[in-house]
Amino acid sequence: MASTKVLVTDLSSGISQVPLNYVRPISDRPNHLAVQSSDHSIPIIDLQDLNGPNHSNIVKEIGQACEHDGFFQVKNHGIPEKVIESMLKVSKEFFQLPEGERLKIYSTDTSKTVRLSTSFNVKTETVASWRDFLRLHCYPLQAYVHEWPSNPPSFREDVAQYCTNVRGLTLRLLEAISESLGLQSDYMDKALHKHAQHMAINYYPPCPQPELTYGLPIHADPNAITILLQDDVPGLQVLRNGKWIAVNPTPNTFIVNIGEQIEVLSNGRYQSVLHRAVVNRNKDRISIPTFYCPSPDAVIKPAEELVDKEHPALYRSFTYSEYYSKFWNRGLTTEKCLDTFRAFENNLDA
């Protein structure tokens with residue numbers, strides 16, 4: 001019976017209606033007609049000369065994108081096309097494995113470092129989302145790679161190569177973001193303490209009634225910075241000036257978005273932006289966000305250089321572990337988790 005299926009991948013085949021537990025309230029549905037679509041909906045930044053003579057201009061571009069958009073695309077990012085293709089291919093192969101093979105690593109325990117699950121947090125949410133996901137911790141790589149699936153056979157090798165490449169790109173972007181704020185280039189690196197890197201391989205099966213549900217509802221990312229790889233099927237939408245903008249995939253680019261930890265570190269100058277994933281009647285979709293995070297013991301607070309009488313600290317200091325557990329327990333909502341960490345008015349010591 002379909003109702004006994006725990007993964008939407010297995011539930012979705014052969015049904016003509018979305019099960020009731022996936023149906024959003026009428027006031028919280030995608031409304032596809034109101035979505036704007038554009039090939040250049042977010043800035044595209046060419047990283048070709050980031051380490052060359054054009055460095056300061058590219059840093060300025062990145063700063064402007066962080067300040068005004070919260071999302072941007074990067075091209076000429078230095079990650080080989082073959083690495084990207086292998087990552088997308090092995091991800092699709094994983095979700096095509098027999099149900100029994102996939103379910104070996106199924107878990108609803110959000111503290112697990114490797115797990116296959118569905119929706120967002122099935123323990124706390126009231127409406128399910130049309131998504132299955134494989135979540136992996138991937139830094140330091142040697143601490144986690146042995147826990148990853150060994151099927152498909154190339155999974156560990158392909159994903160490890162991808163993770164290493166994306167970490168290199170992320171560190172370059174964090175340097176540029178630090179400089180764009182007028183901080184030392186290693187500021188973000190040090191603020192994240194020992195660093196952490198997680199990845200989700202999201203699988204969105206075709207949905208018979210995509211207007212009733214989400215792949216992922218409206219949320220802001222809890223980490224420092226997200227590097228998103230998409231296949232060629234649209235699904236990501238970003239909120240800008242009160243309107244939803246579809247971000248259509250561009251081959252061999254990554255989408256970068258500011259997470260809530262950089263919003264704190266920049267004292268609100270750079271903001272994490274609300275976004276969502278919609279689903280599709282005819283095509284399945286894969287998206288692979290890499291979440292680059294502070295280590296759990298990192299103390300996050302506004303950079304002292306960005307706090308003064310005119311710009312009091314907007315947020316109190318907290319450990320990332322405190323923040324992260326609150327994020328998972330409260331679920332995805334339109335109110336940002338960060339709002340619960342705001343400093344008292346005019347409290348410069350927060």
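**View 1. The buried side of helix 2.** Ile58, Val59, Ile62, Gly63, Ala65 and Cys66 are the buried residues of helix 2. Look down the helix 2 axis and these buried residues sit within an arc of 165°, so they line one face of the helix. Everything here comes from a predicted model. As for what covers the buried residues of helix 2, the list includes strand 2 (44-46), strand 3 (71-75), helix 6 (155-180) and strand 11 (254-258).

**View 2. The other side of helix 2, and its end.** Turn to the face away from the buried side of helix 2 and you find the exposed residues Ser56, Lys60 and His68. Helix 2 itself runs over residues 55-68, 14 residues in total, and reaches 20 Å from first C-alpha to last, close to the 20 Å expected at 1.5 Å a residue. Glycine 70 follows helix 2, and its phi is positive, near 75°.

**View 3. Helix 2 against helix 6.** These two helices pack at an angle of about 80°, and their axes are 8 Å apart. That angle makes helix 2 roughly perpendicular to helix 6, since 65 to 115 degrees counts as such. On the helix 2 side, the contact uses His55, Val59, Ile62, Gly63 and Cys66; on the helix 6 side, they meet Leu173, Ala176, Ile177, Glu179 and Ser180. Sorted by type, the residues of this contact come out as 6 nonpolar, 3 polar and 1 charged.

**View 4. Helix 3 and its two faces.** Helix 3 covers residues 81-95, and at 1.5 Å a residue its 15 residues should span 21 Å; the end C-alpha atoms are 22 Å apart, which agrees. Which residues of helix 3 are buried? They are Val83, Ile84, Ser86, Met87, Val90, Ser91, Phe94 and Phe95. These cover an arc of only 165° around the axis, which puts them on the same side of helix 3. Lys82 and Lys89 are the exposed residues on the face of helix 3 turned away from its buried side.

**View 5. Proline 234 in its loop.** Proline 234 lies in the loop between strand 8 (225-230) and strand 9 (236-240). Is proline 234 buried, partly exposed or exposed? Its relative accessible area is 41%, so proline 234 counts as partly exposed. Leaving aside residues up to four places away in sequence, proline 234 touches Asn248, Pro249 and Arg285. Threonine 250 is 16 residues from proline 234 along the chain, and their C-alpha atoms are separated by 9.8 Å.

Terms used. Residues are numbered from 1 along each chain as its sequence is written. This is a predicted model: local features need pLDDT of at least 70, side-chain atom pairs count only at pLDDT 80 or more; totals for chains, interfaces and linings use all residues. Side-chain values use heavy atoms; hydrogens and water are left out. Helices (H or I, at least four residues) and strands (E, at least two) are DSSP runs, numbered from the N terminus. The expected span of a helix is 1.5 Å times one less than its number of residues. Buried means under 20% relative accessible area, exposed over 50%, partly exposed in between (1.4 Å probe, protein chains only). The arc is that of the directions from the helix axis to the C-beta atoms. Contact means heavy atoms within 4.5 Å. Axes are lines fitted to C-alpha atoms, for helices over the stretch in contact, and angles run from 0 to 180 degrees between N-to-C directions. Angles under 35 degrees count as roughly parallel, over 145 as roughly antiparallel, 65 to 115 as roughly perpendicular and the rest as oblique. Ala, Val, Leu, Ile, Met, Phe, Trp, Tyr, Cys and Pro count as nonpolar, Asp, Glu, Lys and Arg as charged, and the others, Gly among them, as polar.
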